[in-house]
Amino acid sequence: MNPSVSTSRSAAMDLIRGAVMILMAIDHVRVFSGLPAGGPSAGIFFTRWVTHFCAPAFVFLAGTSAFFYGRKHEGLSRFLLSRGAWLVLLELTFFRVAWTFNFDFMQYEMAGVIWVIGWSMILLAGLVKLPLAAIGTIGLVIIAGHNLMDPYMRELIPSLAESSFAGLWKILYVGFFAGPIQFGENGPSLIVLYSIIPWVGVMAVGYAFGKILTLEPAQRKRMCLALGLGATALFIVLRGFNLYGDPRPWSVGAQDSNGVPQMPALFAFLNTSKYPASLLFLLMTLGPTIALIPLLENARGAVARWITVFGRVPFFYYLLHIPLITVFALIVSQIRLGEVSPWLFMNHPMGNPPAPEGYTWSLATLYL
């Protein structure tokens with residue numbers, strides 16, 4: 001392979017990873033700001049919406065990185081198993097404390113993005129034994145087909161609490177909307193933010209996508225643009241006509257049961273389901289991400305170099321940024337309120353109550 005091909009490809013991946021890490025940090029700061037996760041204002045909505053690109057790109061490119069690791073090293077399955085188990089352990093220990101600065105493990109655990117990357121790696125360790133085409137096909141079937149469950153979910157979720165497989169079902173697909181998983185009468189509870197389906201499919205497709213990135217530049221550019229723009233166009237068509245792929249249809253001028261207008265049409269159109277991630281959510285986010293790869297291969301300049309630094313060490317960045325954000329939130333609270341609010345030691349980001357009155361930051365403070 002031409003070394004320049006490999007270098008430009010890696011530069012684009014590092015740049016995208018670095019950009020999504022920065023966007024991700026914005027949303028994680030939002031957790032401590034007290035601002036809602038989207039709406040009602042345009043500023044709050046798009047602050048949340050733009051960060052939707054982070055998890056899909058992160059998981060997809062983790063699969064792509066596994067593909068290139070396997071080309072250079074033996075024992076890919078062993079590496080994925082050990083790395084995946086290590087990530088799951090860190091999610092339930094280090095990141096649990098980094099988010100909350102409390103040690104009340106018996107009350108709260110969260111299965112977040114690091115958790116689902118870990119389990120997806122463990123499952124990918126078995127999938128990599130299959131032909132590459134089979135891995136990609138399995139991933140696409142999971143991504144495209146899992147929304148077939150949507151019509152049954154409303155009836156299924158209330159019955160989960162009585163099922164002996166409730167915990168497994170929440171981990172695999174339903175996620176936190178069905179409530180936490182309780183381990184024993186007085187044991188810890190686990191809130192599943194990122195269910196394994198469809199994210200294991202995203203990682204599998206990302207792994208297969210690695211083959212496209214080994215092509216020569218002109219062919220690689222054509223393939224990335226065709227896949228990325230095609231996925232984006234498919235999102236617009238499926239979403240525009242409410243054909244398939246998301247449990248929440250949208251409409252112009254929609255009102256709630258009291259006749260109060262809901263979110264503006266553009267917001268409703270873009271407000272696809274992330275938990276669990278719908279087909280349309282993934283088309284909306286991965287399509288532009290894939291299309292950007294060949295366009296960023298020749299990016300130069302100080303800003304590109306600065307962003308690329310984060311993309312080269314994504315896990316190290318992730319490991320440090322959450323406790324750093326928590327510390328800064330304590331400082332902001334002390335400056336604004338004259339005290340460190342006890343709310344900051346609640347079970348963020350999913351198990352915390354609403355922010356106390358007078359605590360919530362402005363958007364300007366959040367971005368600063």
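Predicted model: local features only at pLDDT ≥ 70, side-chain atom pairs only at ≥ 80, totals over all residues.
Residues are numbered from 1 along each chain as its sequence is written, and side-chain values use heavy atoms, with hydrogens and water left out.

**View 1. An open sheet of 3 strands has the order 1-3-2 and mixed pairing.** Strand 1 and strand 2 are the edge strands, each of which pairs on one side only. Strands are DSSP runs (E, at least two residues) and helices likewise (H or I, at least four), numbered from the N terminus, and two strands pair if DSSP finds at least two bridges between them. Strand 1 (residues 109-111) runs parallel to strand 3 and is joined to it by 3 bridges, with M110 having I191 as its bridge partner. Strand 2 (residues 181-182), in contrast, pairs with strand 3 in the antiparallel sense over 2 bridges; here I181 stands opposite L190, and Q182 has S189 as its bridge partner.

**View 2. Salt bridges link D14 with R17, and D27 with both R30 and R48.** The structure holds 6 salt bridges, each defined as a side-chain nitrogen of Lys or Arg within 4 Å of a carboxyl oxygen of Asp or Glu. In the pair D14 and R17, the closest N and O atoms are 2.8 Å apart, and the two residues, 3 apart in helix 1 (residues 3-33), are separated by about one helical turn. D14 is buried at a relative accessible area of 11%, and R17 is buried at 12%. D27 and R30 also lie in helix 1, 3 residues apart, and their side chains meet at 2.8 Å, N to O; each is buried, D27 with a relative accessible area of 9% and R30 with 9%. The side chains of R48 and D27 meet in a salt bridge as well (2.7 Å, N to O). R48 lies in helix 2 (residues 42-49) and D27 in helix 1, so this pair ties together parts that are 21 residues apart in sequence. R48 is buried, with a relative accessible area of 10%. Salt bridges that share partners also join D14, R17 and R312 into one network.

**View 3. The largest cavity is lined by E91, F95, R96, W99, T100, Y108, M110, H348 and P349.** About 40 Å³ of space lies in this cavity. Helix 5 (residues 94-100) gives the most to the lining, with 4 residues.

Definitions and conventions: 1 Å grid on protein atoms, 1.4 Å probe; cavity = no way out; pocket = protein on both sides within 12 Å on 5 of 7 lines; lining within 4 Å. Points joined across faces, edges and corners; volume = space filled by probe spheres on them. Buried < 20%, exposed > 50% of the residue type's maximum accessible area, 1.4 Å probe, protein only.
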